Amino acid sequence: MNSPDTTPPGRRTDRRRSDFATITAWWRGLGGDGFLVLPPPRRARYTQSEGHGDAAALIEARGLTGPVSFAYWHWQSHERAFDRSGALTGELLLHWGGDHAAVAAGLGEGPPGFRIVDGGPRSAFQLDRVTHRDEAGLPDPGDPDGVRQFLKALDEPVDSSVSSLRYRSLSPAEAEWLHDRLRDPLDLSVVTRFVVPLERRDGLTPDETERLLCAWRLEYGGRLAEWSAWRELLHALLRHGHEAAWEIVAAMGSGTSGVLRQVPSERGLAVVREFALAGDRASVHAWLELHRSLHEPDAVRAAAELAAELTASDAPATSLRGLYDALVWGVTADWRRETGADHHAGRSYAALAVVRLCTDERLPHVLRVLAAEAARDQADLVREEALRPGGSVLVGVDATEVLAAVDRCEAARDGLLSGTGPDLTASEGALRGAWHRYRTLTDADVSWLRDRVTDPKTGLQGLGFCLELLLAHGLATGAEADALLPRRLKDLTKTYRTTYAEWRHPLVTLTCLALDLDHPAAGKLGAWWNGARPLWKNELRLLTHLGAPDEAKAAELWDFVTSRAHDVGQLMTWVLVRARLDGEHPLLVADRLLGTPGINGHVLRRVLIAVADPGQPLWHYAVDLRSRSWWQRALEVAEHPGLSPEARAIGLRTAREHCLIRHPDQLSPVPTETERAAALAWIDRHADGRPAVTD
C-alpha cells in the first residue's frame, strides 16, 4: 500500500529536482536582445555592488556594445531563500541594472509553480512560490509558504514613513486564525511569528499574555532577549497592567525604552529618564516623547528641559545629538498630525524645523549648533520650497516667515559652526555624506581634526575619517603619530571594515604617515603588518605601500592587481604610488592603464573617478552613486583636457548613472531644483556622447 503524501501543499515538487534546480534551469534560458542574466552566485558575489561588478566584467568579456540590461542575485539573497537541500523557503530577491522595463520583460512571469513580483524601478524583483488561500483569504496552516506570505502581508505598515508604525486592522477571520495558532501547548519557536502581528494591533488577550510569559521564562530564563518577540510580549504586559512587566524592564535594561514609550506612565518615564542620563542615546527619544505626553506638550520647551538635565549630569555628546534628533522628529510629527501631510511634505517641514531651531533662543547653545550643522544642507531647500510657484507643501506656513527664518539661520550659521565637525560616531553613510565638505580645509577644520585624532575617546571610524583627511591634504604631522603611538596601538590593531568608506583603516593611514616621516615606530609597524596574525590585516597590508613608496613596493602591488585577486584598494594604491614616483597626476597614470591585459576594467573605472583629486582620493571600493563627491569627480574626469576620449567617456557614463540624474530622492539631502537643473543641463550638453573638453 502506498504511503500517503505528507508533503506540505506549498512544497510539492518533483523529488528528483529541487526548487533551486528548477529555478536555475529557467534562469539559464533567459537573456538575449540587450538583456543579460548572470550565472547563479558564488560566495564572492556577496553584495549588489559585487553583482554590478560581475555584470560589467561579463559585458566586457562578451564584447557587448550598446545598452545592456541585466539581472542577478547575490549570495546573501541565496542563503536567505534556499535551504541546504535547495528548497525555496523565502523570497529570492533578483537585483538588476539598466532599463527596468527591459528587465521586467526579460524575466517574465517566472518558472512554473513560481511567480515574480515587480518591486518597481527602485527595488528588486521577488521570486516566490505560488500558494493558495481560502475564501476568507487565509492560508492552509500546514502550508509553510502560504503562511509565510500571509504573515508578510500583515507585516506591512499603513505608513512606513513614521516612527510609530500602524498596521491595518485584522478581519474577524484573520484574528481568529492567529488566535488559533496560540492554543496550548505553546511552543515559542513556532508561535513567535503569530504573536507579533497580533500584539502590533493590541491583540494579545490577558490569558494569552500570561501563558506566553510563563513559557518565555521557562524556556529563556537568564537570556530573555534571545526570544525575538519579547518586545511585543512586554508591550502586552504593560498594556494589561501586569506587574511582571517591571521585573522584565529591570532585568533587560535600556533596550526596553522603545516599548515603554508606547505605553506612557509616570513609572515608565522615571525608568527611561535614568537610562538616558546614564548615557543611552536610544533612550533619549523615548524620554522626550514620554515627557511631552505626561508633562510638557511643547516640543521645544520639553527638549530644553531635558537638555539642562543631560548637561548637568555630564551626559555624553551622543545623548544630546539623540535629543536633537528626537526634537526634529517630534515637531515634524506634530505638524503632520495637525495637517494630515504626507511623508514628502514632512521632509520639507523637517528641513524648515532645522532652520528655525538653529536660532531659537529657547534652546541651549549645543542644540542650536546641531541644528546649524544640519541647516547647512537644508536652507536652500527650504527657501526653494517657500518660493515654489503654485504653492508650497508647507501647509499653513507663511512664506514670508519662512524666508525670514532662512535669513536668520544663514546669518548665525558660521558663528555657531566655528570649530565644530560631524558626529564621528554616526553611520558611515552619514559621514560619507559630509566628506565633500572637506575637499578644502579651513584653519578651524584642521584644528578640529587634530583635536579629534589626539582625543583618546575617538573610535576607529572617527580616527579613520580625521587622519585620512589630514594625511591626504598633506597636513598630518609627527604630533598626530606621537599621539597614537604607542598609546592606542591596542585599539588600532583591531579589525574595522572600511570597504564602504572613503577612508582607510586608521592603522593603514598611520603606517603611511610614519613611513613618510621616517618615524622611529615605522619599523615596528612594518613588522606587525608582515606578521602572521591577525588574519584580517592581510588584505590591507599592500595599502601601506603608499607610505614612502619605492619601485619594489610598486612591483609588489602590480603583481597583486594583475592577479585578479579581490581588490579593496590595491589598484588605487598602485596608481597613487606610481604617480608619486613619476611626479605626475594619478589620473594620467590610471588613463594609461585602460585596456591593459590583466587589469580588472570595472575596478579601474572606479579608480579613475576616485583619483580625480589626489589631495582627497575616494577609497570606497565601488562608485558611490549617491555621493556628491563622486558626482563632482565624474564631471571633472569627463571634462579633463589631458585625458583620452576613453577616460572622459567613463566620467560621462558615471555621471549619467548618478542618482542626481536618475534617482534624486535617494541623495541625502535631496538636491534643490536648481542643483538638479544644473546637473541635467550638463548631461544635455553631452547628449551626443562626446564629453566637452574645457580649459
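H13 has 14 residues and should span 20 Å at 1.5 Å a residue; its end C-alpha atoms are 21 Å apart, which agrees. The expected span here is 1.5 Å times one less than the number of residues.

A word on the source: this is a predicted model, local features need pLDDT of at least 70, side-chain atom pairs count only at pLDDT 80 or more, and totals for chains, interfaces and linings use all residues. Residues are numbered from 1 along each chain as its sequence is written, and side-chain values use heavy atoms, with hydrogens and water left out.

Which residues of H13 are buried? They are Ser 283, Val 284, Ala 286, Trp 287, Leu 288, Leu 290, His 291 and Arg 292. Buried means under 20% relative accessible area, exposed means over 50%, and partly exposed is in between, with a 1.4 Å probe and protein chains only. The buried residues of H13 pack against helix H11 (257–260), helix H12 (266–277), helix H14 (299–312) and helix H15 (317–339).

Now the charged pairs. A salt bridge is a side-chain nitrogen of Lys or Arg within 4 Å of a carboxyl oxygen of Asp or Glu. By this rule the count comes to 53 salt bridges.

Glu 289 lies in H13 and Arg 261 in the loop between H11 and H12, so the pair ties together parts that are 28 residues apart in sequence. Glu 289 counts as partly exposed because its relative accessibility is 23%, while Arg 261, at 15%, counts as buried.

Next, Arg 321 and Asp 423 meet in a salt bridge at 3.9 Å, N to O. This pair links distant parts of the chain, 102 residues apart: Arg 321 is in helix H15, and Asp 423 is in the loop between helix H19 (399–417) and helix H20 (428–435). Arg 321 is buried at 17% relative accessibility, and Asp 423 is buried at 12%.

Arg 439 sits in the loop between H20 and helix H21 (443–454), and Glu 636 in helix H31 (residues 628–638), 197 residues apart. Arg 439 counts as partly exposed at 23%, as does Glu 636 at 25%. There is also one network, in which salt bridges that share partners join Asp 19, Asp 128, Arg 129, Asp 145 and Arg 148.

Asp 591 is a contrasting case. Found in helix H29 (residues 586–593), Asp 591 is buried yet has no salt bridge. What is the nearest side chain of opposite charge? It is Arg 648, 6.9 Å away, where Lys and Arg count as positive, Asp and Glu as negative, and His and the chain ends are not counted. Not counting residues up to four places away in sequence, Asp 591 touches Leu 608, Gly 642, Leu 643, Ser 644 and Ala 647; contact means heavy atoms within 4.5 Å.

Last, the strands. In strand E3 (residues 92–97), five of the six residues are buried. E3 pairs with strand E2 (residues 69–72) in the antiparallel sense over three bridges; pairing requires at least two bridges found by DSSP. Phe 70 has Gly 97 in E3 as its bridge partner. Three bridges also join E3 to strand E5 (residues 125–129), again antiparallel, and Leu 92 stands opposite Leu 127 in E5.

Conventions
Helix = DSSP H or I, 4+ residues; strand = E, 2+ residues; numbered from the N terminus.
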